[in-house]
Amino acid sequence: SHLMTEIPLDTAAFQPPPAYAESKTANNTGIKASLGCADTEHDFLRENERWPTAEEERTWVHVADNIPTAAFLIIVTEFCERFTYYGASGIFNNYISNGYKVPGSSPGAIDGGKQMATGLINFFQFFCYICPIFGAIVADQWLGKYKTILLFACVYLVGNLILTLTSIPASIRAGGALPGLIISMIVIGLGTGGIKPNVSPMVAEQYTRTRPFIRRLKSGKEVLVDRDATIQSMFNWFYWSINLGSLSAIATSELEHNVDFWPAYLLPTLMFVVCILVFWLGRNKYIRNPPTGSILLMAASCLATGVRQSRAAKRSGQMLRDDTGAKLNWMEYAKPSNMVDVPASPVAWGDRFVDELRCTLKACKVFIFYPVYWLCFGQITNTLISQAGEMNTGGVPNDIMQNIDPLFLIIFIPIFDKVLYPGLRRCGLDIGPILRIFIGFVLAAIAMAYAAIVQHLVYSTGPYYDHPESRHNDISAAIQIPAYAFIAWSEIFASITGLEYAYTKAPQSMKSIVMSIFLFMNCGGAILAFCFNPISADPHLVKNFGIAAGLMGFFAFLFYACFYKYDNQEQRSKK
């Protein structure tokens, strides 16, 4: 909607309209805030390009632009970081659950059992996703995204080194594995907290085009290139790199099974050195937005002012109305131009800041339902691994099964990005973000329901039935595959769209904060997982999966009932 009001649409064929050129400087801040663009000065025509007419923009199929080289470097950096994260955390379950070098048992080190493993893994996930709020504040207030990522990457590396050194045989036998693991979890959590809220917004900031334009291809065909389609494509490939990196758990699982834990942790540590190097090499290519100051305190003050001023207007009978005669939202009274009780000293914000804050809060409301989704997603790294440990895996380590999820994503993300979504747009069906998230939630519920059925089959099969105690019942782990497939498809619809929504709906000054709030929803999922801890071991795992499926199904439909109008509003604003 900001695009339609701040940048007049072009009706000329080959040059921007005078209104756009004249208002470009004046509206520069607003354009950046609304569209997340790092530099609107880059929005000019290149060779073989022209501006679309209003009719072309309305009727032509919108396609994605090429991804900038700087964005690809950041995507490679994210691949290396996720290689490290999943390579290390993917073998936590066995590392914690089982004893060291116990004959006839899965690999292990700490011998803490399933419940300790589930509890520590949930703590790790909780801590990794509460720290992004701190990382976002550091980036916005002091260092900017580039320096924050580089600094916290060094912290992350220290955590990897601690984990590797305390997993050597002498440390495990001396009892150093558990304290070393806990310390490394905390240090790695701090490191990832500084990286996660900043890396995905920084990827999108590398694309600086703000207006749709028509490009003539080498074949002579003309296509209409659209920013929204490009950002969606960038986040698809960003998420694709995450899942490609997560396949590192295959290598680390084989290393723990056939060699030992210390080389399994050394591999992701070495990859993280590559991560830092790749990110640093691109330092002269990145578009870097300087820190603008953390807006958390200003936002809190603005909200309090809105409440106070709306009450003052109600008491004095000076309630304001819009053009339709409807009463203004209470936040409108926080605008200096609408204040009834003018403060003695001027406030630190303007009218535009209030509009941006309303936009931010609207985006964040959508995230409230994500903790239940992350509860279901988190089953991949704990209870589904435990389930595979009770089944016949054909000699494959049980914790290697979780890599079916990223394998599906690596296959299907390009299909969705290059075939499904463009095909739907050609048919005039542009699936809005709310509907995509709803579909993702439903698929997650189906995955948990299927996992409950599989667990029932495990308990119904001998020779150990519902008390396998790390032994294998005579049932193939291959029947787990559909559960991972449904989870993978749910990620394409819910998780990727959540990243995209957090970026596109947040003003430029608040992107890191909104992204950190989106990531913070993982903490809610970890807290819910703590509540599930009493039923996260045999013989209660059917209840674990069944309750998760029921909760997700209920909240999926509640989510759509609450927010389906957002898609309708977005479609109207585009038209």
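Which residues are buried in helix 14? They are F353, V354, E356, L357, T360, A363, C364 and V366. Buried means under 20% relative accessible area, exposed is over 50%, and partly exposed is in between, with a 1.4 Å probe and protein chains only. Helices here are DSSP runs of H or I with at least four residues, numbered from the N terminus.

Some ground rules. This is a predicted model, in which local features need pLDDT of at least 70 and side-chain atom pairs count only at pLDDT 80 or more, while totals for chains, interfaces and linings use all residues. Residues are numbered from 1 along each chain as its sequence is written, and side-chain values use heavy atoms, with hydrogens and water left out.

Back to helix 14, residues 351–366. The expected span of a helix is 1.5 Å times one less than its number of residues. Helix 14 has 16 residues, so its span should be 22 Å, and the 24 Å between its end C-alpha atoms agrees.

Next, the aromatic rings. Rings of Phe, Tyr and Trp (its six-membered ring) pair if their centres lie within 6.5 Å; planes under 30 degrees apart are stacked, over 60 edge-to-face, and the rest tilted. The whole structure has 42 such pairs. Take Y146 and Y286: their ring centres are 5.9 Å apart and their planes are at 50°, so this pair is tilted. Y146 is in helix 7 and Y286 is in the loop between helix 12 (261–281) and helix 13 (296–316), so the pair ties together parts 140 residues apart in sequence. Y146 is buried at 8% relative accessible area, and Y286 is buried at 7%.

The charged end of R288 sits over its ring, 3.9 Å from the centre. For that, NZ of Lys or CZ of Arg must be within 6 Å of the ring centre and within 35 degrees of the ring normal.

Last, empty space. Rolling a probe the size of a water molecule over the atoms shows where it is left. A cavity is a set of points on a 1 Å grid, over the protein atoms alone, where a 1.4 Å probe fits but cannot get out; lining residues have an atom within 4 Å of a point. There are six cavities of 30 Å³ or more.

Methods. On a 1 Å grid over the protein atoms alone, a cavity is a set of points where a 1.4 Å probe fits but cannot get out, and a pocket is an open set with protein on both sides within 12 Å along at least five of seven lines; lining residues have an atom within 4 Å of a point. Grid points are joined across faces, edges and corners, and a volume is the space filled by probe spheres set on the points. Helices (H or I, at least four residues) and strands (E, at least two) are DSSP runs, numbered from the N terminus.
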